[in-house]
Amino acid sequence: MLLELKTITGEAMPKYLYHCDNCQERFLAYHLMSERLEVCEKCGSKSGLRKLPLFPVRLNKNKKEKKVGEIVKSHIKETKEEVEKEKEKMRKDYRP
Ligand SMILES: [Zn+2]
C-alpha cells in the first residue's frame, strides 16, 4: 500500500484523484505536488489519465467579501470624485 508514503521532510504525501478515460476507473495516487502520474494504475494507459481536483478549491468567504467591499469602496470614491468634478464644472459654467 502507498498509504504510508511520506515526503522527505516527513509530511504526509499529498494525494491526487485520477480518472482514466481509457478504463473509466478512478483511483487515488500519492506523489509530490510537482509530479504527475502519467500511466493508469488500472490499465496501464498513458493517454487517458486526468487529474481531478480532490479538494475543490474553496474561497475564503470572509476574504472574498472583504475584496468585494474594497472594490465597492474604491468605486464609490471614484464616483464621488466624478461628482466633485461635475460640480466644479457647473460652478465654473455659472460664473459670468
Ligand atoms: Zn485506465
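Gln-24 lies in the loop between β1 and β2, where strands (E, at least two residues) and helices (H or I, at least four residues) are DSSP runs numbered from the N terminus. This is a predicted model, in which local features need pLDDT of at least 70 and side-chain atom pairs count only at pLDDT 80 or more, while totals for chains, interfaces and linings use all residues. Residues are numbered from 1 along each chain as its sequence is written.

Although Gln-24 is not a glycine, it has a positive phi of about 60°. Gln-24 is exposed, with 10 other C-beta atoms within 10 Å; a residue counts as exposed if 12 or fewer other C-beta atoms, placed from the backbone, lie within 10 Å of its own, as buried if there are 20 or more, and as partly exposed in between. Buried residues make up 4% of the 96 residues in the protein.

The protein has 1 helix and 3 strands, which follow the pattern β-β-β-α along the sequence. The strands form an open sheet with antiparallel pairing and the order β2-β1-β3, two strands being paired if DSSP finds at least two bridges between them. Because β2 and β3 each have a single partner strand, they stand at the edges, and one side of each is left without a neighbour in the sheet.

| Strand | Residues |
|---|---|
| β1 | 15-20 |
| β2 | 26-30 |
| β3 | 49-52 |

Strand β1 pairs with β3 in the antiparallel sense over 4 bridges, and Leu-17 has Leu-52 in β3 as its bridge partner.
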